[in-house]
Amino acid sequence: MIRLTRAQVREVDRLAIEKYHMPGIVLMENAARGAAEAAWEMAGDVLPYFIVLCGGGNNGGDGYAIARQLKNRGSIVWILSWTDPEQLTGDALTNYRITEAMNLPKLHKHQVIDFATLLAMYDTEGSPIAGRAVIIDAVFGTGLTSAPREPFNKLVDMVGSTGIKLLSVDLPSGLDCDTGLPLGPCVRATKTVTFVAEKAGFANPASKQYTGEVIVADIGCPREIIDEVLRTMPAS
């Protein structure tokens with residue numbers, strides 16, 4: 001089984017963009033499509049509610065794109081922006097602006113308490129929203145190398161206490177890509193949809209309690225890129 005380290009993931013992205021002329025926004029769109037499909041399948045046969053937690057890097061950009069795609073399927077979507085939108089750049093900013101144009105409802109990091117209130121809401125038929133929801137974790141990705149700062153721990157506790165199914169994007173927020181161990185507070189996913197290949201840390205049996213079921217989504221990177229990276233950058 002192919003598994004990629006943090007450095008190898010960065011090199012795959014670099015080669016895809018610089019050598020194979022694949023725009024980053026295309027890679028992000030492909031990743032979001034795979035994750036949205038996984039989230040939709042997790043929701044089951046009812047009209048689902050999705051709560052998408054978006055960070056500031058490409059992982060957050062994936063989240064904004066996922067929210068858009070799920071909204072287009074006719075579902076009800078809320079976004080919790082974990083990073084000030086003014087700090088977003090590049091493809092993440094592009095996807096944020098699309099969700100703004102679509103008027104997708106958003107909460108921000110300082111409104112975590114409102115997130116708890118949201119989960120306690122009832123739909124028009126009197127059923128708890130939490131019973132029909134999927135949380136999508138797109139806060140931190142493979143680039144995280146130190147413990148997330150507060151109030152991320154509060155978000156982890158709140159999400160964990162809901163009992164709602166959770167899909168992590170690429171890897172659970174707070175998990176180290178290379179070791180498969182938490183760097184600090186770390187979400188526990190029902191399922192993780194990871195891109196291109198599994199991450200090196202997933203080989204650690206201890207990672208399973210955080211990743212849940214792992215599925216690999218294809219984002220269109222040519223296989224030649226992976227072969228080149230494995231040949232020129234073997235995992236230490």
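The largest pocket holds about 970 Å³ of space. The model is predicted: local features need pLDDT of at least 70, side-chain atom pairs count only at pLDDT 80 or more, and totals for chains, interfaces and linings use all residues. Residues are numbered from 1 along each chain as its sequence is written, and side-chain values use heavy atoms, without hydrogens and water. A pocket is an open set of points on a 1 Å grid over the protein atoms alone, where a 1.4 Å probe fits, with protein on both sides within 12 Å along at least five of seven lines. Its volume is the space filled by probe spheres set on the points.

The lining of the largest pocket comprises 41 residues (each with an atom within 4 Å of a point). Gly-57, Asn-58, Asn-59, Gly-141 and Gly-143 lie nearest the centre. Helix 1 (6-18), helix 2 (24-43) and helix 3 (58-72) each give two or more residues to this lining. Helices are DSSP runs of H or I with at least four residues; strands are runs of E with at least two. Helix 1 gives the largest share, 7 residues.

Most residues other than glycine have a negative phi, and most peptide bonds are trans. Glu-150 and Pro-151 are joined by a cis peptide bond, with omega about 10°. Pro-151 lies in the loop between strand 5 (133-138) and helix 6 (152-162). Asn-103 has a positive phi, near 60°. The loop between helix 4 (90-101) and strand 4 (106-108) contains Asn-103. Val-196 also has a positive phi, about 75°. Val-196 sits in the loop between strand 7 (191-195) and strand 8 (198-199).
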